[in-house]
Amino acid sequence: MKEKIIVCISCYYKGYDFMDEMQKLGNRVILITSENLRDKHWPWHAIEETFYMPESKPSVWNLDHLVQGFSYLMQTRKVDAVVALDDYDVEKAALIRETFRIPGMGQTTHRYFRDKLAMRQKADQSTINVPEFTAVFNNDEIHHFTQEVSAPWVLKPRSEASASGIRKINSEYELWEALNALGDERHLFLLESFKPGDVYHVDSLTFNNDTIFTSASQYLAPPMQVSHEGGVFMTKTLGTDSDEFMELSDLNSQLLTAFGLKNGATHTEFIKGKDDRKWYFLETSSRVGGAHIPDLVEAATHINIWREWARIEDALLKNKEYKIADPEGYYAGLIIALIKDQSPDYRDFESEEAIKFLPIDYHIGIVFRSDDPDVIQEKLDDAAVTIQEEMLSILPPKTKPTS
């Protein structure tokens with residue numbers, strides 16, 4: 001079968017396994033990435049060509065220049081697929097697909113996976129619970145919202161990844177101060193009710209409109225808390241026979257169907273309300289989860305989400321059958337923290353359950369696996385105590401960590 005040309009777009013260093021698998025499946029891989037990532041350990045053996053884009057600020061490229069450059073690329077290469085490897089690249093890839101009529105997610109659907117306001121509106125229309133929210137375009141609507149929904153609220157960027165730029169607001173006075181400070185960028189934000197509760201993430205794969213693989217996990221230190229207060233990031237997988245797993249699996253499938261996702265990898269977050277114990281949708285993204293969550297998923301299931309996503313794309317391009325292997329049924333836990341030293345000493349953390357130590361500058365990262373969920377919780381708790389007492393740093397490192 002004729003080889004296909006796949007263009008991968010990434011403004012962060014990620015997707016090694018995806019590109020490696022694509023090349024193993026007999027495809028030609030082209031990478032478009034940020035100029036400051038030239039020296040990263042990309043899978044050079046799998047990449048046929050690389051093109052670099054300058055950044056005006058982190059993750060931001062000149063989209064007119066991207067389209068112009070791509071037009072020259074297309075003159076001598078027939079591109080079969082464009083894949084966004086990071087959240088920030090979803091809109092770049094959608095623009096390229098729309099402009100050059102390449103199959104895949106277009107600009108309308110991509111908004112449900114990048115624009116948090118569009119996400120909430122679509123979920124609400126699809127009878128999926130979301131925290132009360134409002135756009136911040138109109139002053140009267142904002143005032144009405146603050147009278148109907150009591151503080152605290154959360155002011156969120158509509159298109160940032162993870163917990164970046166989120167601000168908790170405790171009063172209407174504080175809100176108007178924050179909105180006025182945003183100036184010309186106010187329309188890029190939304191306001192929603194602060195919903196205390198337990199936060200979960202669902203990482204899944206979709207093929208021909210069917211959710212064929214689901215992993216559900218609970219954050220033990222919410223990303224917003226870590227982002228704003230520093231500290232230790234932890235998450236653990238749920239047992240597939242638990243009520244929470246089954247409820248999240250059904251809710252995730254309902255959401256992806258409503259949002260129009262046909263194929264690919266997704267990372268979606270829900271919160272279980274502290275007061276009413278109802279599930280609320282927080283956000284989703286049409287890419288593999290960050291913060292080394294794929295390592296957590298693989299430890300529990302033996303499913304490498306990056307490689308399976310590549311196999312899905314390959315099957316679609318070549319009109320082949322695709323079937324994912326049955327997942328294993330382990331429990332897994334992940335802990336990551338910013339530390340004072342560039343390279344941590346892992347000797348105190350070695351154990352039968354510690355199956356992977358993550359090589360991230362100025363961070364410690366450990367993946368645990370066991371057939372007993374209580375052992376996972378114990379390992380995470382013990383590691384967190386040691387890290388907080390002996391290694392933790394709240395100051396930013398001198399080098400940018402892996403996204």
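Predicted model: local features only at pLDDT ≥ 70, side-chain atom pairs only at ≥ 80, totals over all residues.

Student: How many aromatic pairs does a search of the whole structure find?

Tutor: A search of the whole structure finds 13 aromatic pairs, where rings of Phe, Tyr and Trp (its six-membered ring) pair if their centres lie within 6.5 Å, with planes under 30 degrees apart counted as stacked, over 60 as edge-to-face and the rest as tilted. One of these pairs is formed by Tyr-12 and Tyr-88, and because the ring centres are 5.9 Å apart and the planes stand at 35°, the pair is classed as tilted. Tyr-12 sits in the loop between strand 1 (5–10) and helix 1 (16–24), while Tyr-88 belongs to the loop between strand 4 (81–84) and helix 3 (90–100), so the contact ties together parts that are 76 residues apart in sequence. Helices (H or I, at least four residues) and strands (E, at least two) are here DSSP runs, numbered from the N terminus. Tyr-12 counts as buried because its relative accessibility is 14%, and Tyr-88 counts as buried at 12%; buried means under 20% relative accessible area, exposed over 50% and partly exposed in between (1.4 Å probe, protein chains only).

A further pair joins Phe-18 and Trp-309, whose ring centres are 4.9 Å apart with planes at 55°, so this pair is tilted. Phe-18 lies in helix 1 and Trp-309 in helix 11 (residues 305–318), and the pair therefore ties together parts that are 291 residues apart in sequence. Phe-18 is buried, with a relative accessible area of 0%, and Trp-309 is buried, with a value of 4%. Aromatic residues also gather in a cluster, which is formed by Tyr-112, Phe-113, Phe-259, Phe-270 and Phe-281.

Residues are numbered from 1 along each chain as its sequence is written, and side-chain values use heavy atoms, with hydrogens and water left out.

Turning to the backbone, most residues other than glycine have a negative phi, and most peptide bonds are trans. Thr-127, although not a glycine, has a positive phi of about 60°; this residue lies in the loop between helix 5 (116–125) and strand 5 (133–135), and Thr-127 counts as exposed because its relative accessibility is 67%. Asn-209, also not a glycine, has a positive phi of about 75° and is found in the loop between strand 9 (197–207) and strand 10 (210–219), where Asn-209 counts as partly exposed at 48% relative accessibility. A cis peptide bond, with omega of about 5°, joins Ala-151 and Pro-152, and Pro-152 is placed in the loop between helix 6 (139–148) and strand 6 (153–157).

Helix 6 also holds His-143, which is partly exposed, with a relative accessible area of 39%. His-143 and Trp-176 are 33 residues apart in sequence and 9.7 Å apart in space, C-alpha to C-alpha.
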